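Keep the viewer open as you read.

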Amino acid sequence: MNELARMVTDEIGEALTRARIAILPIGSTEQHGRHLTYDTDFAIADAFARRLAADLGHEAVLCPGLPYGLSEHHLPFAGTLTLRPATLLGVLRDVAESLAAAGLRRILVVNGHGGNVDAVRLAGRELRRDHGVIMAHVMWATLAGDLIQDLMGSERYGHACEGETSVAMALAPQVVRADRIGPPDPALPVLPHAAPPASRVDLPLAYDALSAGGALGDARLAGLELGEKIVATAYGRALEFARAFAAEAEA
């Protein structure tokens with residue numbers, strides 16, 4: 001695996017002559033209820049990205065990841081750290097331009113936090129228009145969204161729920177405090193059609209308006225087997241895309 005941060009100049013120079021894409025994991029530093037640590041999103045994204053880099057071999061370079069994201073909706077919970085949208089956009093642009101200067105014009109962002117999605121999409125559009133850089137973006141919850149919908153046992157889910165907790169068990173077990181998993185807090189009332197996971201109205205909500213404890217779903221239903229099912233589907237689709245993405249760069 002070509003891990004940029006762990007290489008010296010001559011090694012990275014050689015790696016860049018063969019690499020076709022850069023992989024950039026991003027996440028967040030935010031509350032995840034009473035049983036997942038604040039680095040959960042980044043830990044999952046980093047583990048996912050490392051698997052991709054290992055399987056892609058010389059075709060990819062793994063970049064140091066970004067453990068901060070857009071988490072203003074979690075600020076009511078102490079210790080949450082957030083970037084502003086313009087800051088995340090700027091960081092993504094700057095990293096992409098630096099990689100382009102080194103000859104890598106295809107970047108695969110491996111994202112672990114839903115709050116980052118809009119910013120990554122905007123960055124990708126700007127980079128393609130202004131710099132000819134192609135930034136693709138994958139997230140486990142989207143890649144396996146159809147499977148997750150079938151497997152979840154909670155009416156509302158999507159944050160520190162049985163799905164995310166199970167994926168953490170499979171990819172980053174160090175973030176799970178299994179002894180702290182308990183009954184979910186009652187779902188708080190939300191305006192019609194605005195509640196996740198299938199909201200049809202885009203309404204910015206702070207997480208304390210959704211759940212007193214910060215989680216959304218029943219983590220008691222989580223398990224390693226469930227996590228491995230979700231990861232297998234998400235990872236298989238991500239790897240299929242990444243290989244095609246890298247091959248297209250050679251054309």
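Ala206 sits in the loop that runs between helix 7 and helix 8; helices are DSSP runs of H or I with at least four residues, strands are runs of E with at least two, and both are numbered from the N terminus. This is a predicted model, in which local features need pLDDT of at least 70 and side-chain atom pairs count only at pLDDT 80 or more, while totals for chains, interfaces and linings use all residues. Residues are numbered from 1 along each chain as its sequence is written, and side-chain values use heavy atoms, with hydrogens and water left out.

Ala206 counts as partly exposed because its relative accessibility is 27%; buried means under 20% relative accessible area, exposed over 50%, and partly exposed in between, with a 1.4 Å probe and protein chains only. Leaving aside neighbours within four places in sequence, Ala206 is in contact with His73 and Pro76, where contact means heavy atoms within 4.5 Å. Its C-alpha atom is separated by 23 Å from that of Ala45, 161 residues apart along the chain.

Beyond its neighbours within four places in sequence, Val110 is in contact with residues including Ala45, Ile23, Phe48, Leu52 and Val138.

Now to the cores. A nonpolar core is a set of buried Ala, Val, Leu, Ile, Met, Phe, Trp, Tyr and Cys residues joined through side-chain atoms within 4.5 Å. The largest has 44 residues, and Val110 is one of those that touch the most other members, along with Ile23, Phe48, Leu52, Leu108, Trp140 and Ile230. Elements that each supply at least two residues of this core include strand 2 (21-26), helix 2 (40-56) and strand 4 (106-111). Helix 8 gives the largest share, ten residues. Apart from this core lies another, of 26 residues, among them Ala19, Leu24, Ile26 and Cys63.

What about open space? A pocket is an open set of points on a 1 Å grid over the protein atoms alone, where a 1.4 Å probe fits, with protein on both sides within 12 Å along at least five of seven lines; lining residues have an atom within 4 Å of a point. The largest pocket holds about 1,600 Å³ of space, a volume being the space filled by probe spheres set on the points, which are joined across faces, edges and corners. Its lining has 42 residues, with Gly114, Gly115, Val117, Pro196 and Ser199 nearest the centre. The second largest pocket holds about 310 Å³.
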